[in-house]
Amino acid sequence: MTQHLPGIVFIGVVDCAKLQPNLREMSAAGLGVAAHTSITAVPFDNASCECASEPLHGELIETATLKFRTTSLLDTDIQMGFVITAVNGDSFLIGAAEPPYPMVSLTRKTGTPGGSPAAWEIEVKAVGRRTLLHCVF
């Protein structure tokens, strides 16, 4: 089972160390969670997010994947989590105060002589029992 989010209108970075504990458990219990910390908005384009669920050892394991391009360098000195908002107004948190943390891959693209801009290509991947947490901020 795979969930694709409609168009993404907001991406923000949070420091996972500053999130309240047990957010994944709250989400698994059906509660909305709150990102009660500062969120740094990231300019982006070509964003997509999907969350796939598959059984592993008798329980469903989710894999959330967020991909986007940005001209901003992200703060790699923190354990990054991400807040995203879809075009329908739903917001989601990828990341929590406890491990496993999202794996963030940054690739620098220099652009082409024909005019495509230089940018960072970001891929965020989170794997666990609950990875795409419905949230408010």
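Figure 1. Asn46 counts as exposed because its relative accessibility is 59%, in a model that is predicted. The residue sits in strand β5, which covers residues 45-56. Although Asn46 is not a glycine, its phi is positive, at about 50°. Most residues other than glycine have a negative phi.

Figure 2. Asn22 belongs to the loop between β2 (8-15) and α1 (23-28). With a relative accessible area of 41%, Asn22 is partly exposed.

**Figure 3. The cis peptide bond between Pro99 and Pro100.** The bond that joins Pro99 and Pro100 is cis, with an omega of about 5°. Most peptide bonds are trans. Pro100 is found in the loop between β8 (91-94) and β9 (103-109).

Figure 4. A disulfide needs two cysteine sulfur atoms within 2.5 Å.

**Figure 5. Cys51 and its closest cysteine sulfur.** Cys51 is buried, because its relative accessible area of 4% falls under the 20% cut-off. The sulfur of Cys51 has its closest cysteine sulfur in Cys49, at 7.3 Å, so the two are too far apart for a bond. A search of the whole structure finds zero disulfides.

How values were computed: Residues are numbered from 1 along each chain as its sequence is written. This is a predicted model: local features need pLDDT of at least 70, side-chain atom pairs count only at pLDDT 80 or more; totals for chains, interfaces and linings use all residues. Side-chain values use heavy atoms; hydrogens and water are left out. Helices (H or I, at least four residues) and strands (E, at least two) are DSSP runs, numbered from the N terminus. Buried means under 20% relative accessible area, exposed over 50%, partly exposed in between (1.4 Å probe, protein chains only).
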